[in-house]
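Please look over the backbone and the helix packing of the model shown here, and work through the questions that follow.

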Amino acid sequence: MAKPDLILLALDDSPILQLMERALRASNYEVAIVSDRAGLDKVLQSSTPALLLIGEKFNGQAGIPLAVEQLERFPTMPILVYAEKDAPSIAKEVLRANLTGYLYPPLRTDDIVAAVGRSLDRARHLGDWIRREVRRTTASLQRQVNDFEAIFVNMSDGIIILDKSSRIILVNEAVRTAFGVTASVVGQPLLDVIKHPDIRSLLERAASEDLKYHEINFDDGRVFNGQFTIIPEIGSAITVQDITYLKELDRIKNDFVHTVSHDLRSPLTAVLGYAELVSRMGTLNDQQQEFLRRLQASVQDITGLVNDLLDLGRLEAGFDTRREVVQLENILDYTVNILSGQAEARDVKLRVERTPHLPPLRANPIRLRQMLDNLIGNAIKYTPEGGEVKLCLRPEDHQIILEVKDTGPGIPPADQPHIFEKFYRASNVPDNVPGSGLGLAIVKSIVDSHQGRVWVESHPGEGSSFFVVLPIYEAGEVVR
Ligand code: ADP
C-alpha cells in the first residue's frame, strides 16, 4: 500500500487544530504538528510533507511571509493558510503570494478534508505535468547530444577539446586515426597522449601569440594544418585538417615554375649575347640603337624575374644552409654604397643611424645583402623625388632590429597583409614604377630561414617602415 501523504500543520494550539488533526487522520493522512519556526524547519528538513497548512498568525509571527519563504524553497508544495476570520486583505495577500488557498471558520470536518484533497490533486497534476515536461526536454537534449556526437565522431577534420589545463575532454575518430591513438584518453594531458613535437609547439605558440595556423608534419609525408581556438568557460579546441594534397600541389607548382625559369635562363643569356654582338657588327643609326637598348632592358627585366623565381625556389626548398658569423652593419654599408647612386639619381636622401659595436649574426651574408637590396631598393623606388629613406640598426634583447623607413606613398591597410606574397603589388603602385611583386616574398623567405621576423607599419600618405628582427649569434653556438 502506498505511504499516506504527510500533512504538516503549523498552527497554534486551539480546538480547530485538534479538529483538523482528527479529521485528517480519519481520512488516512499522516499528520505532523509544529508549534514554532524551529519545529517547522526541522520537519521540512527531515521529511517531504505533501502539504503545509499554516496559520495566518503562527507563534506570534505573521504566517504568510513564512509561507512565502517555504514556497521559494519547495515550489511544488501546496500551502494552505488558516485565518481566524475571513478578510479580503488576507485573501488578497494569499493570492499575491501564489499560495494554494485559505481556510477560515466556520469549518466542518468535511470542509477541511475537501480543501486538503483538492490542493493535493492540483499539486499532483502539476507534478505530473512537470515530470512530463522534464522527460520531453531531456529527450530532446539527448537527441541533440546524439546528433552532435555523430557529427563530431564522423567529421573528417580532427577535433580535440581540452580543458583549461590542457587535459583532454574529447577527441574524435579523425584525431585517433591521424595520431594513432587507441586507448581511452579522456582526462589525460594532451601532451602525454599525443607526443608529436609539432603539437607541443602548437600549444606553446598558442600560449604566446595569436596563432592562426600551425603545420603538423609526419615522417610519412602527411601534412596537417592545426588551428587553436579558445572556448570560453571550457578551455580550448584544436582542429587538424589534412592538407597533404595541397602541399603536393604546391610542390608540383613550384617544380614547374623552377623548371620553366631554369629553362628560360639559357635562351635569355643567348638573346642578351646576340644583342651585344649586333652593335659590334657595324654602326647603328639612332633608332636602331634605341630599339636595341629597349630590347636589352626588357631581356634584363625578364632575366631579373627568372633569377628571382629561381632564388625563391631555392629558398623555399630549404637549400639556403650556408651560415657564417657576420656583422650586419658591414653588409648595410656595402649595400648603401651600391644604392647611393640610385638614390641620388632620384634625389632621395639616404640616412643611416646605427648603434656602434653591434653583436654579430649567424647568417648567410649573400642572402642578407639580397634582403637589404630589396628593402632599401623598394624604399628608394617608391619614395618620390626630394624624399628621404632612413635606415636604423639597433640591438635589443638578443636580437638586432633593422628599420627601413621612407617618406613614400605608404601602403593601404587592405594590401598590407599580402605584400609579402609572391607577385602581389599593392593597389596604389603607380603604373610607371616597375616591379614583379617578388622582392618582398624573397625578403620574407630569407628572414624566415634566419629564424627572424619581418613586418611593415605604414599609413597611406605618410610613408612606410619595414622592420626586420634577426636573432644574434650567441658565443658558443655552432656555425655550420
Ligand atoms: P615590387 O617588385 O612590386 O616592388 P615587392 O615584393 O618588392 O614587389 O613589393 C610588393 C609590393 O609592396 C609593391 O608592389 C608595393 O605595392 C608595396 N611596397 C613595397 N615596398 C614599399 C614601399 N617602400 N613603399 C610603398 N609600397 C611598397
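Q: Where is the place of Pro106, and what kind of peptide bond joins Pro105 and Pro106?
A: This is a predicted model in which local features need pLDDT of at least 70, side-chain atom pairs count only at pLDDT 80 or more, and totals for chains, interfaces and linings use all residues. Residues are numbered from 1 along each chain as its sequence is written, and side-chain values use heavy atoms, with hydrogens and water left out. Pro106 sits in the loop between β7 (101-103) and α5 (109-154), where helices (H or I, at least four residues) and strands (E, at least two) are DSSP runs numbered from the N terminus. With omega at about 0 degrees, the bond joining Pro105 and Pro106 is cis.

Q: Is Asp397 buried or exposed?
A: Asp397 lies in the loop between β16 (388-396) and β17 (399-406), and its phi is positive, near 50 degrees, although the residue is not a glycine. Buried means under 20% relative accessible area, exposed over 50%, and partly exposed in between (1.4 Å probe, protein chains only). Because its relative accessible area is 61%, Asp397 is exposed.

Q: How does Asn59 count by relative accessibility?
A: Asn59 is found in the loop between β4 (57-58) and β5 (61-62), and has a positive phi of about 55 degrees without being a glycine. Because its relative accessibility is 43%, Asn59 counts as partly exposed.
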